[in-house]
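I opened my notebook today to look up a few things in a protein model. Here is what I looked at, entry by entry.

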Amino acid sequence: MSALARWCHRHRLVTVLLWVGLLVGLGAASGAVGTKYSDSMSMPATESSKALELLRADMPAAAGDTDTVVWHTDHGSVKDPATEERMTKTLEAIATSPSVASVVGPYDPQGARQISADGSTAYAQITFTKDARDIPVADVDHVVDLAKDARTDGLDVQLGGQAIQNTESEMGGASELIGIVAALIVMTLVFRSLWAAALPILTAVAGVGTGVIGTGLLSHGMSVASVAPTLGVLVGLGVGIDYALFIVNRHRKGLMAGLSVQESVVKALNTSGRAVLFAGLTVVIALLGMLILGIGFLNGMAISAALTVAMTVLAAVTLLPAMLGLLKLRVLSRAQRRRLAEEGPSALPTSGFWARWALRVQARPVGKALVALLVMVAVSLPVFSLRLGTSDAGNNPRSTTSRQAYDLMADGFGPGSNGPLLLVAETPGPQERAALDGLVAELKGVDGVAQVAAAPVPDGKQIATVSVVPTTSPQSAETSELITDLRDRVIPQAEAGTGLKVYVGGATATAADFADVLIGKLPLFIGIIVGLGCLLMMIAFRSVLVPLIGVAMNLLTMGVAFGAIVAVFQWGWGSEALGVGAAGPVEAFAPVMIIAILFGLSMDYQVFLISRMHEEWTHTRDNRRAVRVGHGETGQVITAAAVIMACVFAAFVFAGQRMIAEFGMGLALAVLLDVLVLRMVLVPALMHRFGRANWWLPRWLDRLLPHVSVEGEPDPAPVPDPEREPIPAVTR
């Protein structure tokens, strides 16, 4: 780290220009080739995937994305001549549009059921030639524009479906700006220097910018979800600002201690920079741990998020030292520069609030530990009601056409009309077709089924499809139970002894399969990243107990995140006020992503806290002093970092996208309570009680584990200040 810091400082202008060139080059490449994001959630070896494969092989035209145009008249009926003529022309124009395979409207014989019982609402089904992720956005926009042109004062026309929703996604916007402004305000209050406050933001923006642009380029070589860039910005801004904050804080201490700018930069990188590298490594490992799940949808998100975090770390250890060299003493406040010039070197004050708080925790560790534990458990309690699934258009902002189309369909045809199940049957002969007819008749009497419609089998085809409309919405637990009942009871009975094979597919069934697969693999994922995190902490701090404490704290932090998400998004406590729709299930992939991100971030704070304690323990072999000093000296910067990260995460809650809001809400509250309650109360309290056992490691294990220094070289002894009273020792 020393050599890298010296090179970046000596060649600071070159380093800055290299980063500018990297951003410009990646931006030019992205502008030339664009992006190719994919939102497919299909899982290999699942029944819904098998249904889709059969359709693609035998009926490729029916395998494309199916969207809906729905219209509602305030007066009269949708069959009134003026309305029928207007909508017929619109549907004909849509049918001849690029990427559209077919349109089935309510004025066609095969669409007779697509008019509501009261005659005020009707819909048409648009089948595109490709999956939603592969349809050019311009082609979908053209369809949307045609439908919008059909609106009149008394005729409301809206569109729904995955392709339509893809055009509504707004990645980026005010959320990032709000988070950055909040971070700037917090750091200005902490540092009392606008330059010092701006450096972490510039560093994070450079790292996040390269990571997000790189993610777009990466989408050409692998499946990357369209939400990946937003998640990359969310995580990258938080960790990037925090990592740079720790280094700037250490650099300012070095300058006040009398070190030259270069010496201070090198010292900051060799201490806090090492901790940043280690912390970043834990986040990257936690994110890449998702690769073990073998799910393409998550693989791309994991790699893109890990890439963004890695770029923020690279910016912190290369670009930041260069900018520190350019700014010289301007990273200090005016008062600090004046004090340094008039009084000479001196240590930054360490007898403030956090030093006093560390003394109080040391004096009464048990009581404070119990209160902290009670707070975390209370916030985590809703996690026991967690239900995973996939939200539908009913959770979109009310202003979107997909949400309005959803509401019109639910009012006119029932909630299940927004997510019909698609049964795909192999019917090679008359016996199988007769069995399918019997199944269709039986389905009409199954609880939870509102409507059943079998499509005619085209000549020469051996695949038949049956549309099953549930009585409940796509995201409801009852719909999931219906899918299970059809697969486990109803369909096997129809298949018995007939040779008929039927697969339950469609978007709703695919989402249910996706959730089931993830739930099944979640314990393995948690076990692996917890084990790896424990091993890394053991290597860094030569301790058995410290890693176990860290893991326990991380699990409590995860409980807080999911408790908050369940209360707001699943129970609906304020979800409408946030613009994310009514209560519904938690996104199926949210636990995996949040666990990976939170585990890495929690380990970060544990590393920064424990590394200072371990540094003091190495010098004094006094556990009480080590815990107290590490607690008191890191309290301000760790708390500031947590507040900054919480502000960045919270800004995304109001972005109007449900899945992003889930991440923002869970991560913001979890990070804040993790630091304020766990790292600043529970961890030091426990370490005071455990005493010297904190730093025990069996000799045989010590010989096996590699030696890695997180703290780097110790700081020189600070210049004594005769005016400052020493921190008094606290006796038990």
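Before anything else, I wrote down my cut-offs: a residue is buried under 20% relative accessible area, exposed over 50%, and partly exposed in between (1.4 Å probe, protein chains only). This is a predicted model, in which local features need pLDDT of at least 70, side-chain atom pairs count only at pLDDT 80 or more, and totals for chains, interfaces and linings use all residues. Residues are numbered from 1 along each chain as its sequence is written, and side-chain values use heavy atoms, with hydrogens and water left out.

**Entry 1: helix H15**

I noted how the elements get their names: helices (H or I, at least four residues) and strands (E, at least two) are DSSP runs, numbered from the N terminus. I started with H15, residues 365-380. Which residues of H15 are buried? I found Pro365, Ala369, Ala372, Met376 and Ser380. Seen down the axis of H15, these buried residues fall within an arc of 70°, so they line one face of the helix. The arc is that of the directions from the helix axis to the C-beta atoms. On the other side of H15, I found Leu370, Val371 and Leu374 exposed.

Next I checked what the buried residues of H15 pack against, taking contact as heavy atoms within 4.5 Å. Their partners are helix H14 (353-363), helix H20 (545-570) and helix H23 (658-690).

I also checked the span of H15: its 16 residues reach 22 Å from first C-alpha to last, close to the 22 Å expected at 1.5 Å a residue. The expected span is 1.5 Å times one less than the number of residues.

**Entry 2: Leu373**

Leu373 is also found in H15. Is Leu373 exposed, partly exposed or buried? Its relative accessibility is 35%, so Leu373 counts as partly exposed. Leaving out residues up to four places away in sequence, Leu373 touches Leu556 and Leu682. I then looked at Leu678, which is 305 residues from Leu373 in sequence, yet their C-alpha atoms are 8.1 Å apart in space.

**Entry 3: helix H16**

H16 covers residues 401-413. Its 13 residues reach 18 Å from first C-alpha to last, close to the expected 18 Å. I listed its buried residues as Thr401, Ser402, Arg403, Ala405, Tyr406, Leu408 and Met409. What do they pack against? I found strand S1 (66-73), strand S3 (121-128), strand S4 (155-160) and helix H6 (162-168). Just after H16, Gly414 takes a positive phi of about 100°.

**Entry 4: two positive phi values**

I reminded myself that most residues other than glycine have a negative phi. Arg192, however, has a positive phi near 60°. I located Arg192 in the loop between H7 and helix H8 (194-218), and at 61% relative accessibility it counts as exposed. Arg621 also has a positive phi, about 55°, and is not a glycine. Arg621 sits in the loop between helix H21 (590-620) and helix H22 (623-651).

**Entry 5: two buried residues**

His251 lies in helix H9 (residues 228-256) and is buried, with a relative accessible area of 0%. Leaving aside neighbours within four places in sequence, I found His251 in contact with Val261, Ser264, Val265, Ala268, Leu324, Lys328 and Val331.

Gln336 is in helix H13 (residues 334-343) and is buried, at 15%.
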